[in-house]
Amino acid sequence: MKPTTSKSTAERGLYPLPIMASPEGALVVLFHMLTFREVALSLLLLLGSLSFLSYWPDVHNLWLAGVAGSREPPPKSESPASTRSTKAKPVNNNIVMATSKPRTSSFSRNLATVPSSTPGLKYGPNGTIFISSGIPDLDKILGGGFPLGSLVMVMEDAEAPHHMLLLRNFMSQGLVHKQPLLYASPSKDPKGFLGTLPTPGSSKDDKSRDRDPENENGLRIAWQYKKYFGDNQYHFDSNRDVKHEYCHDFDLRKPLEKHFISGQHIDCVSILDSPNLAALRDRCATFLAQFPRNDSSISSASRIAIQSFCAPQCKYSNKEWDMVSFIRSLRSMVRSSNAVAVVTFPPSLLSPSFSRRWQHMADTLLSVRAIPDEDKEMAKLLTGYQDMVGLLNVHKVARINTQVPVILDATTFSIKLQKRRFLVLESLNQAPIDSSSGTSYGTSASCSGSSKTGTLDF
Amino acid sequence: MAESICRALRDGALQGEHAPALTIKDSIVSPFGFHVFTHLLTQLSSNILAAKSQSRGLVLVAFSRSPSFYLDLLNRKGIHVASSQKWIEILDCYTDPLGWKDALLASGYGGSLSNEASTGASLCRNVKDMDKLYSSIIELGKGIVGQGKVRFCVAIDSVNEILRHASISSVAGLLSNLRSNDRVSSIFWLSHSDLHEDRVTAVLEYMSSMVASIEPLNQSAYGHRCNWERLPLLKHNFWKGKFHVRFKRRNGRVRVMSEEFYVEQLAINFRSISSEDEIVNRSLLPKVQFNLQLSEKEQFDRAKVVLPFEHQGTGKPIQIYDGRRSLTDGKSEAEPVSTGILQTNENSSKGEIIYLRDSDDERPDSDEDPDDDLDI
């Protein structure tokens, strides 16, 4: 009998088993270094760990399902079958392989396929619930809308009224979805502003703007791969019910119909004459107390819109610490209720350190900027300059239940009014360089100015 | 552009809109704000008298000069103050803004103080009270134009004087109340920007729809060593400067215009800027990406192009096109040219793929097996 060469472990050292390496590489290493008995043991361990790993995403999904309430259970039936099949086959095969049967990967995200019963709410990942901002493009940019419980701050430009466009769409969307609204402004009669809210445009005739241009029904060139496609194309069209659209396109030329405004839960507050912010804080507290956030299902979300919060004609506007503490308390109140608060303020009227503090308070931070009129340089540089009315910058996007930030492709968008009615956000595009001049934009022939890097960047 | 400002002030406000408001901003390096103010005042007055403007009267709130100064000024420019119809009222906040003379008279001291009673001026004794100031301005204005729908303009001599006595938030409140009052056609005021903090200037600019700033010709740094040879030039250039205006237009864009001015003997003249140093507005130019979107026509044309690797859908075995002329009959051939140009699509759409082979002399298999060319 051949004596088995069993060296002690102390002599050989301990070889850490490569759990995450590819099975073939592990096999090669194992066969070279260890005896047959040890190889068999390590292979069993490897198989065990890999099967655990293929279960693990399902565990993750289960946890998500528990958090977010009623959701479809993940496709558990498929994965045990797959691991069973891989156990039966010899280990040389790849564990993850393209089977002929189209199975959804167990890593798929469980977006809610159950349509939400309340219109105007959209369920997103990580248990967040979105409400629409009223501008479809902005919802797309922010990844679904404004999450409930967040504070949105909009930095105004003293030279342009674009923050009013954002506020109007936000408020109109809330009224169309029958969400209660609290509106505060530094004018004497805030109710008058409700007359300028836009009405939803007819949803049929402007689908020319394709919602999902990348969602082609088939593959043109790689058509041979069509047979591997699963049925994961469903959730694009689930909320496309005409009557209860999540986000409407608002026609800025037509005022909102009366039946949306009357009989609604709308509070209007004038912050012009209040010497301190206690009254406003009380109003907000009583308003938000009606919509507490608890684990039961949500009946309705609510919206708070505060316009030009540090406007100079307000009597409290020189009490900077009071204003900061109001914003902090507003944020904490909103956090524990099913509401979104939008506050606009002109940062140029605050001292720089307070402006920074306010910006840090925001969960979602946007800023609007004016553009110069009849600027030949900009007209040459950007396409669609004629239709642009301003610029929108996205500085921060709210991420409440997760640590993963949103990294946007572009943070600057141009605000355009399509057909002078509908608010459209587009990313900036450079006009084709004139072939005759042949130079890049930095050294354009007509101007002699220094090429300072702009405050806009990507 | 002084002309456009005058036009804007003259045209006034539309129904339901706030009145246009102008801030004239200057500083010590180019202290000609008052010249601009008087220039605009005379222009507006002549417009009012000639009935070319929306407003029929003017209320002048005089803080830094006495009312008689203004009356003399207007008379000198040929504008008749004492005409048959009253069109101007001056609120005198210069003589006794805090009511001290009254207090002295009351306590028996100022027996020798003469009481100036100038024509067309009413006295304001308490400039600290913004509400009172507001109501007296409105009353004076209504006194000129009557009760109807006719409007009047307001000119405030110097906002800095008010800011001495009242806080910026109350002054901002006053200005916004004046703007939103539907009897006011337009309003303009003068402010010296270096008398206050930056925040005050920012607030005034926030409240106004036009900002005119006066700057020296050469922006030299403060406190740099005085160059003695350049002194005559500096002196000469002192009376000139640049006049920048920013209009906030209704569509949300900002129109920036500028011109040069020169001052001679209390009169200011404007002329358009010589385009040597064009200020290039570079602050907003972004690093943009190229336009990768297609227009509708381009999308349509692109959709029409038949790609050679597409699934033809005819059930025939797929032929990979590699540019040779020996192709199946499915593709229509153009006139056979020996250089090997082949068109894939003959119909009227513009989308085509034109494939030029390098040379047709090569043996057919040379693409796949280049080693055959080698002569080993």
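Two strands are said to pair if DSSP finds at least two bridges between them. Helices (H or I, at least four residues) and strands (E, at least two) are themselves DSSP runs, numbered from the N terminus. The structure under discussion is a predicted model, in which local features need pLDDT of at least 70, side-chain atom pairs count only at pLDDT 80 or more, and totals for chains, interfaces and linings use all residues. Residues are numbered from 1 along each chain as its sequence is written, chains are lettered from A and ligands numbered from 1 in the order in which they are written, and side-chain values use heavy atoms, with hydrogens and water left out.

Contact denotes heavy atoms within 4.5 Å. Among the contacts in chain A with a separation of 6 or more, 76% are between residues 24 or more positions apart.

Chain A includes an open sheet of 3 strands in the order β1-β2-β3, with antiparallel pairing. Its edges are formed by β1 (122–123) and β3 (146–147) of chain A, each of which pairs on one side only. Strand β2 (residues 129–131) of chain A is joined to β3(A) in the antiparallel sense over 2 bridges. Within β3(A), P147(A) is the residue that stands opposite F130(A).

In chain B, the strand to examine is β3 (residues 88–92). Why is strand β3 of chain B described as largely enclosed by the rest of the structure? The reason is that 5 of the 5 residues of this strand are buried. In a regular strand, side chains alternate between the two faces of the sheet. Both faces of β3(B) are covered: I88(B), I90(B) and D92(B) lie buried on one side, and E89(B) and L91(B) lie buried on the other. Strand β2 (residues 55–62) of chain B pairs with β3(B) in the parallel sense over 5 bridges. L91(B) takes part in this pairing as the bridge partner of V61(B).

The helices of chain B supply two packing arrangements. Axes are lines fitted to C-alpha atoms, for helices over the stretch in contact, and angles run from 0 to 180 degrees between N-to-C directions. Helix α2 (residues 33–49) and helix α3 (residues 67–76) of chain B have axes that come within 11 Å and cross at roughly 60°. The two helices α2(B) and α3(B) are therefore oblique to each other; angles under 35 degrees count as roughly parallel, over 145 as roughly antiparallel, 65 to 115 as roughly perpendicular and the rest as oblique. Their crossing is right-handed, a crossing being right-handed if the near helix is turned clockwise from the far one by less than a right angle, and left-handed if anticlockwise. On the α2(B) side, F34(B), F37(B), T38(B), L41(B), T42(B) and S45(B) meet F69(B), Y70(B), L73(B) and L74(B) of α3(B).

Helix α2(B) also packs with α1(B), at an angle of about 45° and with the axes 10 Å apart. This pair, α1(B) and α2(B), is likewise oblique, and its crossing is right-handed. Here A2(B), I5(B), C6(B), L9(B) and R10(B) of α1(B) make the contact with H39(B), L40(B), Q43(B), L44(B) and N47(B) of α2(B).

Side chains of opposite charge can pair when their charged atoms come close. R283(A) belongs to helix α8 (residues 278–288) and D267(A) to strand β8 (residues 266–270) of chain A, 16 residues apart. R283(A) is partly exposed at 33% relative accessible area, and D267(A) is partly exposed at 22%.

K315(A) and D273(A) form another salt bridge, with their closest N and O atoms 3.6 Å apart. K315(A) lies in the loop between β9 (302–306) and α9 (320–335), and D273(A) in the loop between β8 and α8 of chain A, 42 residues apart. In chain B, E17(B) bridges to R250(B) with closest N and O atoms 2.6 Å apart, and this pair links parts of the chain 233 residues apart. E17(B) is partly exposed at 31% relative accessibility, whereas R250(B) is exposed at 61%. In chain A, salt bridges that share partners join R331(A), R335(A) and D363(A) into one network.

Terms used:
Buried < 20%, exposed > 50% of the residue type's maximum accessible area, 1.4 Å probe, protein only. Salt bridge = Lys/Arg side-chain N within 4 Å of Asp/Glu carboxyl O.
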